[in-house]
Amino acid sequence: MNFSRYKSDIILIAHFLLGILAGVVPSFVFLWVMIAFCMGLLAAFKKSTRYPEYLFAAYLVGIELLGRMSGSGVPHEFIKYAVSVILLISIFRSVRPIQYYFVLFMILFIPGMF
């Protein structure tokens, strides 16, 4: 069976189940955030073309809302600094010109720092 045809469906179902698990066990969200952060760091260091680092940064920004709603214990400022670290590593390790979406993410974080 070719699972690549159903990749988006599998991801959707997995996230649905993760959301249910996060509602039942709020501390699970902390583990979920840490795994996403580590995968983002790995993508930034490896310069993965299959899973770009800015997708992990956007994923972390989206999961921040879930972390705050569930009361999981994820520090409120952690996501901001995690995304900044991932994008800065990606910028400094890049041999290509700096892309606009990296700069846009960093500019959007400036008001939150003050």
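**Helix, core, pocket and cavity**

Visitor: Which residue takes a positive phi just after α2?

Guide: Lys47 does, with a phi of about 55°. Bear in mind that this is a predicted model.

Visitor: What makes a residue of α2 count as buried?

Guide: The cut-off is under 20% relative accessible area. Val29, Trp32, Val33, Ala36, Phe37, Gly40, Leu41, Ala43 and Ala44 are buried, so each of them falls under that limit.

Visitor: What do these buried residues pack against?

Guide: Three helices: α1, α3 and α4.

Visitor: Why is the largest nonpolar core called a core?

Guide: Its members must be buried, of nonpolar types, and joined through side-chain atoms within 4.5 Å. The largest set has 23 residues, so these 23 are linked in that way. Val33, Phe37, Leu60, Ile79, Val83, Ile86 and Leu87 touch the most other members. At least two residues of this core come from each of α2, α3, α4 (78-93) and α5 (100-113). In soluble globular proteins, nonpolar side chains tend to be buried together.

Visitor: Which residues does Leu60 contact, leaving aside its neighbours within four places in sequence?

Guide: Val33, Ala36, Phe37, Ile79, Ala82, Val83 and Ile86. These are contacts because heavy atoms lie within 4.5 Å.

Visitor: Why is the largest pocket called a pocket and not a cavity?

Guide: A pocket is an open set of points, whereas in a cavity the 1.4 Å probe fits but cannot get out. The largest pocket holds about 450 Å³. Of its 14 lining residues, Ile11, His15, Met39, Phe56 and Tyr59 are the closest to its centre. α1 (7-24), α2 (28-46) and α3 (53-70) each give two or more residues to the lining. α2 gives the most, with six.

Visitor: How is that lining divided by residue type?

Guide: It has 12 nonpolar residues, one polar and one charged.

Visitor: How many cavities of 30 Å³ or more are found?

Guide: One, in a search of the whole structure. The largest cavity has about 40 Å³ of space. Its lining is Val33, Ile63, Glu64, Gly67, Arg68, Val74, Pro75, His76 and Ile79. α3 gives the most, with four residues.

Visitor: What makes two of the residues lining the largest cavity charged?

Guide: Glu and Arg count as charged, so Glu64 and Arg68 are the two. Five others are nonpolar and two are polar.

How values were computed. Residues are numbered from 1 along each chain as its sequence is written. This is a predicted model: local features need pLDDT of at least 70, side-chain atom pairs count only at pLDDT 80 or more; totals for chains, interfaces and linings use all residues. Side-chain values use heavy atoms; hydrogens and water are left out. On a 1 Å grid over the protein atoms alone, a cavity is a set of points where a 1.4 Å probe fits but cannot get out, and a pocket is an open set with protein on both sides within 12 Å along at least five of seven lines; lining residues have an atom within 4 Å of a point. Grid points are joined across faces, edges and corners, and a volume is the space filled by probe spheres set on the points. Buried means under 20% relative accessible area, exposed over 50%, partly exposed in between (1.4 Å probe, protein chains only).
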